[in-house]
Amino acid sequence: MSRHLKGKHILHGNQFSREELGRIMTLATEFEKKSERNEIPPLMRGKILATLFFEPSTRTRLSFEASMHRLAGAVISVASAETSSAAKGETLADTARTVSQYADVIVIRHPMIGSAQEAAEAASVPVINAGDGAGQHPTQAILDVYTIQREIGSLENITVSLVGDLKFGRTVHALVELLSLYRIKLIFVSPDSLRMPHEITESLRQKEAHVTETDDLKEALLLSDVLYMTRIQKERFSHLSDYEKVKGMYVISDPLLRETKKEPVIMHPLPRVDEITTDVDNHPGAAYFRQVRNGIFVRMALLAMVTGVV
Ligand code: NCD
């Protein structure tokens, strides 16, 4: 039933249809149920995942690796550019060709936009983009949609606000592509200097997505069913002084939630810096650690689908 993704690369949020997302989420739910009964099938036995991470990561790399292990597969990994032949000047294409001989599927994170695409063109096994610079992060976006579905019970007729660094944030770039497949109102909340790239906003409008932009978090909060907070991507700024101007600009706190009397679902791809104070963690809507957990099941589904074992 899931053969549709077999052998495919996962590179960009815009590559998915609603139907495809539905299939991924159904399989993720199946894995979640089986995991609760300790009955995850050893579907990936005999298969190898290679994780190539040329940028820092905790969740994305470990959750892909944990997902592979849980399905009884094996993992090999490069955890930094310094310890691989990239440090000797090897091209990404050559690395991808080489690793294709060792592994059945490759997950890559790299600082350059388009890097996963480049690796995919050279690889002979499926390549999954785990973040290409300020570009895309499609698997995070799928687990985000899965989380919204789980938290709200629906993906229709809701309002989702995306808050913070919409310019450099690859998770939101991928997420809005997926959300535009549903009847969802989108509110983009950012300072002027970190607005969603024009091309993305335009393509969403062409798809008749309902998009508004503001710099006022409180105003957006009052209208939102879901608040998706993001970290200001300090490492992407050319001048630290520009970062200093916007850092700490949007903070969700317990006093703010009390003042507005709103209990939206609060999400964050993590890591958080100061966007969500820890006094929010016990609010019923604080979904960011459930979101982390959902990532395991979604990534299990994706690994199983692209390698064709389901
Ligand atoms: C994000 C990333 O690396 O893009 N984290 C993640 O993968 N969950 C978000 C971030 O670094 O701010």
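Which helices each supply at least two residues of the lining of the largest pocket? They are helix H2 (59-70) and helix H6 (170-179). The structure is a predicted model, in which local features need pLDDT of at least 70, side-chain atom pairs count only at pLDDT 80 or more, and totals for chains, interfaces and linings use all residues. Residues are numbered from 1 along each chain as its sequence is written, and side-chain values use heavy atoms, with hydrogens and water left out.

The protein chain contains 11 helices and 9 strands; helices (H or I, at least four residues) and strands (E, at least two) are DSSP runs numbered from the N terminus. For 310 residues, a compact globule would have a radius of gyration near 19 Å, and the 19 Å of the protein chain agrees with this. That radius is taken over C-alpha atoms, and the globule rule is 2.2 Å times the number of residues to the power 0.38. Along the principal axes, the C-alpha atoms fill a box of roughly 55 × 45 × 40 Å. Of the 310 residues, 55% count as buried, where buried means under 20% relative accessible area, exposed over 50%, and partly exposed in between (1.4 Å probe, protein chains only). Contact means heavy atoms within 4.5 Å. Among contacts between residues at least 6 apart in sequence, 72% join residues at least 24 apart.

Pockets were located on a 1 Å grid over the protein atoms alone: a pocket is an open set of points with protein on both sides within 12 Å along at least five of seven lines, whereas a cavity is a set where a 1.4 Å probe fits but cannot get out, and lining residues have an atom within 4 Å of a point. Grid points are joined across faces, edges and corners, and a volume is the space filled by probe spheres set on the points. The largest pocket has a volume of about 400 Å³. Its lining comprises 21 residues, of which Arg 109, Arg 170, Arg 231, Leu 270 and Pro 271 lie nearest the centre. By class, this lining has 4 nonpolar, 10 polar and 7 charged residues; Ala, Val, Leu, Ile, Met, Phe, Trp, Tyr, Cys and Pro count as nonpolar, Asp, Glu, Lys and Arg as charged, and the others, Gly among them, as polar.

The second largest pocket has a volume of about 320 Å³. It is lined by 19 residues, and those closest to its centre are His 12, Ile 113, Asp 132, Gly 135 and Gln 136. Helix H4 (115-122), strand E4 (127-132), H6 and helix H7 (198-206) each give two or more residues to this lining. Its classes are 7 nonpolar, 8 polar and 4 charged residues.

In H4, the buried residues are Ser 115, Ala 116, Ala 119, Ala 120 and Ala 122. Viewed down the axis of H4, these residues fall within an arc of 165°, so they line one face of the helix; the arc is that of the directions from the helix axis to the C-beta atoms. Their cover includes helix H3 (92-100), strand E3 (105-110) and E4. The buried residues of H3 are Leu 92, Ala 93, Thr 95, Ala 96, Val 99 and Ser 100. The buried residues of H3 pack against strand E1 (48-53), E3 and H4.

Met 267 lies in strand E9 and, at 0% relative accessibility, counts as buried. Leaving aside neighbours within four places in sequence, its contacts include Asp 144, Val 226, Tyr 228 and Gln 291. The loop between strand E9 (265-267) and helix H11 (288-306) holds Thr 277, which is partly exposed at 26% relative accessibility. The C-alpha atoms of Thr 277 and Val 251 are separated by 7.2 Å, at 26 residues apart along the chain.

Backbone geometry was also examined. Most residues other than glycine have a negative phi, and most peptide bonds are trans. The peptide bond from Leu 270 to Pro 271 is cis, with omega near 5°, and Pro 271 is found in the loop between E9 and H11. Glu 208, in the loop between H7 and strand E7 (210-214), has a positive phi near 65° and is exposed at 73% relative accessibility. Lys 261 lies in the loop between helix H10 (254-260) and E9; its phi is positive, near 55°, and at 75% relative accessibility it counts as exposed.
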